[in-house]
Each structure stands twice: as structure tokens, then as C-alpha cells.
Amino acid sequence: MNTWDLKRLDFRPHHPEILSSTAEGRAIVLDLPAGERLQDHQVHEGAWITVVHGEVRIVTHTGQTIDAQPGILVQFAPQERHEVNALTDARLLLLLTPWPGAGHPGTMTLEQKTDVRTRAAQRTG
């Protein structure tokens, strides 16, 4: 058994801390200072966000919005786009499962990664 006191970890903006990473999932603590945001993004895995302290506004690609305080848990399907805005200094616990999810670069062979890079270079060149 492993344990973490999420309320007592030092506040470290811009330094996400991976608490655990296995084939089943990954747990990450992320601190966002007031006024900062995680821009519109998606992840390959199913994602759960819970607010440990502070308040954030979460907006989905469809415009659904929630102002989340401690104790709120939000779930996203794989590839579901969303944005997180810190209304106050906030600490989030992110759970990603499975880790890494289908299509994540960590699941690709070296040949697949090379192919993706080649196609990306052709689009920008």
C-alpha cells in the first residue's frame, strides 16, 4: 500500500508530480496558480480530475462548464477535449487510465513514431 497526503505536499506550480504510474493508471498532482489554465487539450486515456483545494472552472469542447471546488470529481472519456482554468490557487489530482492509453506515443513502436514525425514534417514543410 502507498499513501500520499495531498493536502500537505508543497505547492509547486508548473511542476506536476507523478505519484504513481503503472499499466493500470497514472496519478498526478498538479498545482495551478490563480489565473492560469491548462489550455484546451485531450489525453489518450480516460481522465478523472478531482479538486484537492482551491477552485477551478472546467469547460468541455461542447461548452459544458462546471466550477469545481474540493471534493468534486469530473470524468472525461478518452480524447474528450477540455480546458481547466484556476479561479484561485488550486491543487488537482489527475487520474489517467489505462496508462498509457491507445494512441499515446508511449504505446507506439519506434517505426510508428518515425512515421508520425515524418508525416508531421511533411505537413509543416
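**A walk through a chain of strands**

Let's start with how the chain meets itself: among contacts with a separation of 6 or more, 67% are between residues 24 or more positions apart. Keep in mind, as you look around, that this is a predicted model. The chain has 125 residues, and 31% of them count as buried. Its accessible surface comes to about 7900 Å², with 52% of that belonging to carbon and sulfur atoms.

What elements will you meet along the way? The chain holds 1 helix and 9 strands. Following the sequence, you pass through the pattern β-β-β-β-β-β-β-β-β-α.

Now look for the open sheet formed by 4 strands, in the order β3-β8-β5-β6, with antiparallel pairing. Strands β3 (37-41) and β6 (65-68) each have a single partner strand, so they stand at the edges, and one side of each is left without a neighbour in the sheet. From one strand to the next, the twist averages 15°. Let's zoom in on one pair: β5, residues 56-60, is joined to β6 in the antiparallel sense over 4 bridges. There you can find Arg57, whose bridge partner in β6 is Asp67.

Next, turn to the nonpolar side chains. In soluble globular proteins, such side chains tend to be buried together. Here the largest nonpolar core has 17 residues, and those with the most contacts inside it are Ile49, Val56, Ile58, Phe76, Val84, Leu92 and Leu94. The elements giving two or more residues to this core are β2 (26-32), β4 (46-53), β5, β7 (73-76), β8 (82-86) and β9 (90-97). Which strand provides the largest share of this core? That is β9, with 4 residues. Apart from this core lies another one of 6 residues, among them Leu6, Val29, Val52 and Leu93.

Leaving aside neighbours within four places in sequence, Ile58 is in contact with Ile49, Gln64, Thr65, Ile66, Val74, Phe76, Glu83 and Val84.

Finally, visit Ser20, which sits in strand β1 (residues 17-21).

Conventions: Residues are numbered from 1 along each chain as its sequence is written. This is a predicted model: local features need pLDDT of at least 70, side-chain atom pairs count only at pLDDT 80 or more; totals for chains, interfaces and linings use all residues. Side-chain values use heavy atoms; hydrogens and water are left out. Two strands pair if DSSP finds at least two bridges between them. Axes are lines fitted to C-alpha atoms, for helices over the stretch in contact, and angles run from 0 to 180 degrees between N-to-C directions. A nonpolar core is a set of buried Ala, Val, Leu, Ile, Met, Phe, Trp, Tyr and Cys residues joined through side-chain atoms within 4.5 Å. Buried means under 20% relative accessible area, exposed over 50%, partly exposed in between (1.4 Å probe, protein chains only). Contact means heavy atoms within 4.5 Å. Accessible areas come from the Shrake-Rupley method with a 1.4 Å probe; for residues, only the protein chains shown count as cover.
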